[in-house]
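Hi,

Here is the structure I promised to pass on. Have a look at it first, and then read on for what turned up.

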Amino acid sequence: MSAPPLWPTRIRVVRGPLGVRLLLDSRAIITVLVLTLSLAILSVYALTRGAAAIPTGDVLSALVGRGEPGTLRVVTEWRLPRITLALLAGACLALSGAIFQSMTRNPLGSPDILGFNTGAYTGALIVSLVLGTGAISVTVGAFVGGLLTALAVYFLAFSRGVQGFRLIVVGIAVSAVLSAFNSYLLVSARLEEAVTASVWGAGSLNGVRWAQVEPVAWSLLVLVPVLLLVARQLQMLELGDEYARALGLSPERTRIVLLGVGVGLVSVTTAIAGPITFVALAAPQIAKRVVGASGPCLLASAVVGAALLLLSDVIAQQLIAPNQFPVGVVTACLGGAYLVWLMTRPQKGTS
């Protein structure tokens, strides 16, 4: 009797140049292609909707630079930046969620549960309300706030290593403290500034222009290659620290790198669009289920995250049109329902 294969039959080994070998999962590839096609259709639909409906043919013409000047302006300068930011921000949040869920080996280990979103929001509030500086400084403040929160949670949870459940409990506690501090900052601010910060704090894509898309795009271009370099180590961490050390990996050093990448992805999104919840929590888990994988599915998670945020934004625009909800309100409602389902779902190994 022949020995079973080392990987499922749907996985193929592709040999590249310089002896590089790639493992390609046919189901994952097909799933990502289908999701990408669905995402393209949803994007075109979102471009047609708004205060003034635009026919699909006119939208497609505008995307290639043809059509009436008014239609071109609405499609390429008003709606397309918002949709692009929804796609990029959704991908950032989903990748960050996949990182932290793998690090904690817990489906609740997302940046919104661990408090990193709240910390990034705190940094942005301090810069905008207390220091009163510009948009670039707000982005830097959000990153610094998210990073300091992550380091605080990490070191408070550290006890001869970091255990996933301990990290989550400490993150929830730190998030509660920061939420109270954020409320104090809003109450202490001038009325106009407080209202603006509160709306932004709900998570909003209203009024997005190309200048706001650029920081998120640059963050992806810088951080995703770093994530790909340590993706294999991320899978090894899911086996546990002892196994990871046996395979020659330094768990704590790898966690620090992953911590920086994950915080960077969520912080820049929070600085531009506010603390958007649910996407980082649900997208990696949905991606695992549709792909049928046991480990992190980074590409599928990014596509699912982009689809979730764009779909939520379309709902936010259309539900009470011509008025609009902040997209964070929609994602929070969906996230609450998902969290209830996740907590009431029977777990393996329990009676």
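This is a predicted model: local features need pLDDT of at least 70, side-chain atom pairs count only at pLDDT 80 or more; totals for chains, interfaces and linings use all residues.

The whole structure was searched for aromatic pairs, and three came up. In one of them, the ring centres of Y154 and F155 are 5.5 Å apart and the planes stand at 85 degrees, so this pair is edge-to-face. Y154 itself counts as buried, because its relative accessibility is 5%.

Now the overall picture. The protein has 351 residues, and 47% of them are buried. Its secondary structure amounts to 15 helices and two strands. If you take the contacts between residues at least 6 apart in sequence, 71% of them join residues at least 24 apart.

On to the inside. The largest nonpolar core holds 80 residues, and the ones touching the most other members are F116, L258, L265 and L310. Helix α3 (residues 69-104) gives the most to this core, contributing 15 residues. There is also a second, separate core of 15 residues, with A124, L125, L185 and A189 among them. Back to L310: setting aside residues up to four places away in sequence, L310 touches L39, L42, S43, A46, I83, A86 and L87.

- T31 sits in helix α1, which covers residues 26-48. With a relative accessibility of 15%, T31 counts as buried. Beyond residues up to four places away in sequence, T31 touches V290 and V291.
- L239 is in the loop between α10 (231-237) and α11 (241-246). L239 has a relative accessible area of 47%, so it is partly exposed. Apart from neighbours within four places in sequence, L239 is in contact with R105 and L247. L239 and R105 are 134 residues apart along the chain, yet their C-alpha atoms are separated by 8.9 Å.

Cheers

Methods. Residues are numbered from 1 along each chain as its sequence is written. Side-chain values use heavy atoms; hydrogens and water are left out. Rings of Phe, Tyr and Trp (its six-membered ring) pair if their centres lie within 6.5 Å; planes under 30 degrees apart count as stacked, over 60 as edge-to-face and the rest as tilted. Buried means under 20% relative accessible area, exposed over 50%, partly exposed in between (1.4 Å probe, protein chains only). Helices (H or I, at least four residues) and strands (E, at least two) are DSSP runs, numbered from the N terminus. Contact means heavy atoms within 4.5 Å. A nonpolar core is a set of buried Ala, Val, Leu, Ile, Met, Phe, Trp, Tyr and Cys residues joined through side-chain atoms within 4.5 Å.
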